[in-house]
Amino acid sequence: MEKHAILGGGNIGSLMAADLSCAGIDVWVYTSDADSWSQDLEVLNPDSSTLRVASPIQATADLEEAVANADYIWITYPTYLLEKTASKLHPLVVAGQKIGMVPGACAEFFFEPLIKKGCILFGFQRVHSVARIGERGKSVYELGRKPKIDIAAIPSIEAAPIASHIETLFNTPCFELPNYLALTLVPSNPILHTARIASMFADWSEGVDYPRNILFYEEWTDKDSDLMLKCDDELQSVCEAIPVDLSSVVPLRIHYESSTAELMTKKISSIPAFKGLKSPMKAQSDNRWVPDFSSRYFRADFAFGLEAIRQIARLTSVPTPSIDSVLSWYYRIAQTSAEFSIKKNNLEELLELYR
């Protein structure tokens, strides 16, 4: 029986564990709270009715046990944990093992040593479904399954066979992308989340608070849409300046079928799968709310996702004033500085990574 190890028992990791188990895979979930996990994982509809039950699922807090002899190793961690994860995996993996990132953006910059060791890196361009944990280790909500999965790999020749296999496991059409750069430059969370947050908290400073946690999508504004589209336009200019096939990096106007800021706001604020989702905020002792800079929305999407896009843009000499302003706002407000570097001297050297 094929063995798959899933690193991370959060929203996506839980749903993936259930999906793979239902496909007849030997599933191991690596998580710090393994003792609290049940071997039966219930997948729930949005109305909390049971969609399916996956069994058995093995949970372990031992990374070596999880990945030993695994055909696939899936990683669902936020980007800021990837460097440490790659370091831990390096002595444990062997040539031929497939390491899958969900979603896949920026993973190539941390897993290059494992690729050189003979592992195959692949990733989803976007998550295959919106998911939310019901009871951790016991149930997970499937809130909005995507109609297709786009997959890229390093080496790129591995994308087609992996996509074909994943299609059977997830019962979802899968399509190969020509290169992994199409994952890192996709205008998903690094554009969507960062523009919304920078716009929403544009006037925030120390001492400012809010009476409640703001609905992230349902209270989306035209101001948010305008900034997001400006950042996406800059990203598209970067893609045009790179001499590889990036046609799959679809502009947000096309992805959301919304050509203007007003139409974009109407579209995003009404997506059923996003209903009820809160902003990255934390409550104070007096039940007032402030931005939560420890959230992955901040730590992953600004400091890694958007920063990677900006650094790639610099290699192309394409100006990105809106992206620059969003990142400047983040580093100032979060009182931090850039902690991530692509470490490639020029565009040609970068593109060598995606062969």
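Is Lys 116 buried or exposed? Lys 116 is exposed, with a relative accessible area of 69%, where exposed stands for over 50%, buried for under 20% and partly exposed for values in between (1.4 Å probe, protein chains only).

The structure is a predicted model, in which local features need pLDDT of at least 70 and side-chain atom pairs count only at pLDDT 80 or more, while totals for chains, interfaces and linings use all residues. Residues are numbered from 1 along each chain as its sequence is written, and side-chain values use heavy atoms, with hydrogens and water left out.

Lys 116 takes part in a salt bridge with Glu 112, the closest N and O atoms being 4.0 Å apart. The term denotes a side-chain nitrogen of Lys or Arg within 4 Å of a carboxyl oxygen of Asp or Glu. Both residues belong to helix α4 (residues 108-116), where they are four residues apart, about one turn of the helix. Helices (H or I, at least four residues) and strands (E, at least two) are DSSP runs, numbered from the N terminus.

Across the whole structure, a search finds 17 salt bridges. One of them joins the side chains of Arg 196 and Asp 224, at 2.6 Å from N to O. Because Arg 196 lies in helix α7 (residues 189-200) and Asp 224 in helix α8 (residues 222-240), this pair ties together parts that are 28 residues apart in sequence. Arg 196 and Asp 224 are both buried.

A further salt bridge connects Glu 218 with Lys 275, with 3.5 Å between the closest N and O atoms. This pair links distant parts of the chain, 57 residues apart: Glu 218 is in the loop between α7 and α8, and Lys 275 is in the loop between α10 (261-268) and β13 (281-283). Glu 218 is partly exposed, at a relative accessible area of 29%, whereas Lys 275 counts as exposed at 62%. Elsewhere, salt bridges that share partners join Asp 19, Arg 52, Glu 142 and Arg 145 into one network.

The strands may be considered next. Four of them form an open sheet in the order β4-β3-β10-β9, with mixed pairing; two strands pair if DSSP finds at least two bridges between them. At the edges stand β4 (50-54) and β9 (129-133), each pairing on one side only. Neighbouring strands of the sheet are turned by 25° against each other on average, direction ignored. Such angles run from 0 to 180 degrees between N-to-C directions, with axes fitted to C-alpha atoms, for helices over the stretch in contact, and contact means heavy atoms within 4.5 Å. Strand β3 (residues 41-44) runs antiparallel to β4 and is joined to β4 by four bridges. Helix α1 (residues 11-22) lies across β3, β4, β9 and β10 (139-145), at about 105° to β9.
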